[in-house]
Amino acid sequence: MQKEQNRDYHLWKSFKEGDVDAFYRLYDENVEALYSFGICFSKDSDFVKDCIHDLFLDLYKYRSTLSETDSVQFYML
C-alpha cells in the first residue's frame with residue numbers, strides 16, 4: 001500500500017508540474033473506477049462519461065493550484 005501511495009504521489013506531482021504523460025496515465029489508471037462510481041448515481045452512461053471528461057478538463061486547467069495527495073483515486077472521487 002505504501003509503495004502505491006508513493007507512486008501516486010510522484011505521478012500527481014509530475015502531473016501538477018505539467019507532465020502530459022502523467023496526465024494520460026492518471027486518466028488511464030482511474031477512468032474505470034470513476035465510471036463505476038458515477039454509474040451508481042446515474043444510469044445514463046453518456047452523462048457519466050461527460051462528467052468524467054469535465055473532471056479531467058478541470059484537473060488539467062487548475063493543475064497548478066490542486067492540493068497534494070498520495071491517494072489520487074480518493075482525491076478524484
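Analyst: We begin with a definition: a salt bridge is a side-chain nitrogen of Lys or Arg within 4 Å of a carboxyl oxygen of Asp or Glu. Please keep in mind that this is a predicted model.

User: Which side chain does K13 meet in a salt bridge?

Analyst: The general idea is that side chains of opposite charge can pair when their charged atoms come close. Here K13 pairs with E17, with an N to O distance of 3.7 Å. K13 is partly exposed, at 35% relative accessibility, whereas E17 is exposed, at 61%.

User: How many salt bridges are there by this rule?

Analyst: The count comes to five. One of them joins K16 and E68, whose closest N and O atoms are 3.1 Å apart. K16 lies in helix α1 (residues 2-16) and E68 in the loop between α3 and α4, so this pair ties together parts that are 52 residues apart in sequence.

User: Is K16 buried or exposed?

Analyst: The cut-off for buried is under 20% relative accessible area. K16 counts as buried because its relative accessibility is 15%.

User: Which residues are linked in a network of salt bridges?

Analyst: The network links R7, D8, R25 and E29. Within it, D8 forms a salt bridge with R7, and their closest N and O atoms are 3.8 Å apart. D8 is buried, with a relative accessible area of 11%, while R7 is partly exposed, at 35%.

User: Which residues make a nonpolar surface patch?

Analyst: V20, Y24 and Y60 make a nonpolar patch of about 280 Å². V20 has its place in helix α2, residues 20-39. With a relative accessible area of 35%, V20 is partly exposed, so it passes the requirement of over 30% for a patch.

Note on methods:
Residues numbered from 1 in each chain as written. Predicted model: local features only at pLDDT ≥ 70, side-chain atom pairs only at ≥ 80, totals over all residues. Heavy atoms only, no water. Patch = residues over 30% accessible without salt bridge, like charges linked within 9 Å, V, L, I, M, F, W, Y side chains within 5 Å. Areas by Shrake-Rupley, 256 points an atom, 1.4 Å probe, with all protein chains shown as cover. Helix = DSSP H or I, 4+ residues; strand = E, 2+ residues; numbered from the N terminus. Buried < 20%, exposed > 50% of the residue type's maximum accessible area, 1.4 Å probe, protein only.
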